[in-house]
Amino acid sequence: MSEQPPDPRTDADVDLRVDADRGELTTRPATILLAIAAGGVLGALARAGLQHAAPHPPTGFPWATFTINTSGCLLIGVLMAVLGHLGGGHPLARPFLGVGVLGGFTTFSAYAVDIQQALVAGAPGTALAYLAATLLGALAAVGLGDAVTAALLRRRVAR
Amino acid sequence: MTVLLIALGAAVGAPLRYLTDRAVQSRHASAFPWGTLTVNVIGSLLLGGLVGWPADPAVTALLGTGFCGALTTYSTFSYETVRLARGGHRLLALANVAGSVAAGLAAASAGYALARALTG
């Protein structure tokens, strides 16, 4: 890993400083956009299913969306570590799994609106707890997913 | 029916996030993830408006759960924050967190208030 130049990627969806990302829409625009759309549909339906199974009142803690966002963050950490290890992997892997499935599964709009609705419903404690728990849980999950995956891949290479 | 509407909204929302992110990045070459911030704020504004509007469940499924849900992303937002912090851009990471949460909440509140005002 240390012999490779440092990965300039910040954005998991698309980062124009990464050569492969910059060129992908010119080489195969329809395939890329279809892969993202298909992944997005799968991710969104999984999210809707979980939210439907575990609804919350306006003053309650949105456990379903909390679980969706933190688990999606764990998985993006895993995915990007694997793809980084493979030098990018299959050209459709990041668009389908990262931009599509995980991007469609996790949601920032429901996070923001649920906090706002808890405030409107007179539950500032729930709003603040949900705001902080999701944020800290999501960041820790990305770090954990990345660290565990990178360690496992290093052991595999060392064997 | 609801499943189809969610799928349709997501099939548009997810590619639109990707295209918006590209368009924003091509205009603002910077380490700060302006593209993701843009889609997250727009999606929060729209979803806030939908929640404030006495919307039909079909409209909520299509535009709220499907479109806004897939247009916005928590995984990319978190990944970017961790990458910024690890790359030595701690201040940008902090700004991304504070800026995204503050702007997302402000947008959700504005959308909600606007919809409420319009519908009386």
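Colleague: Which backbone oxygen lies 2.7 Å from a polar atom of the side chain of Ser44(B)?
Modeller: That of Asn40(B). Before we go on, this is a predicted model: local features need pLDDT of at least 70, side-chain atom pairs count only at pLDDT 80 or more, and totals for chains, interfaces and linings use all residues. Residues are numbered from 1 along each chain as its sequence is written, chains are lettered from A and ligands numbered from 1 in the order written, and side-chain values use heavy atoms, with hydrogens and water left out.
Colleague: Is Ser44(B) buried or exposed?
Modeller: Ser44(B) is buried, at a relative accessible area of 0%. Buried means under 20%, exposed over 50%, partly exposed in between, with a 1.4 Å probe and protein chains only.
Colleague: Where is Ser44(B) found?
Modeller: In helix 2 of chain B. Helices are DSSP runs of H or I with at least four residues, strands are runs of E with at least two, and both are numbered from the N terminus.
Colleague: What does Ser44(B) touch, not counting residues up to four places away in sequence?
Modeller: From chain A, Phe108(A), Ser109(A), Ala112(A) and Val113(A). From chain B, Thr72(B), Gly104(B), Ala107(B) and Ala108(B). Contact means heavy atoms within 4.5 Å.
Colleague: Now the second largest pocket. Which residues lie nearest its centre?
Modeller: Gln51(A), His56(A), Asp114(A), Thr60(B) and Thr65(B), out of 33 lining residues. Helices 2, 3 and 5 of chain A and helices 1, 2 and 3 of chain B each give two or more residues to the lining. A pocket here is an open set of points on a 1 Å grid over the protein atoms alone, where a 1.4 Å probe fits, with protein on both sides within 12 Å along at least five of seven lines; lining residues have an atom within 4 Å of a point.
Colleague: And how many residues of the lining are charged?
Modeller: Two, alongside 18 nonpolar and 13 polar. Asp, Glu, Lys and Arg count as charged; Ala, Val, Leu, Ile, Met, Phe, Trp, Tyr, Cys and Pro as nonpolar; the others, Gly among them, as polar.
Colleague: Last one. How many helices and strands in chain A?
Modeller: Six helices and zero strands. Of its 159 residues, 48% count as buried.

Methods
A polar contact is a pair of N or O atoms within 3.5 Å; within protein, one must be able to donate a hydrogen and the other to accept it, and residues adjacent in sequence count only if both atoms are side-chain atoms.
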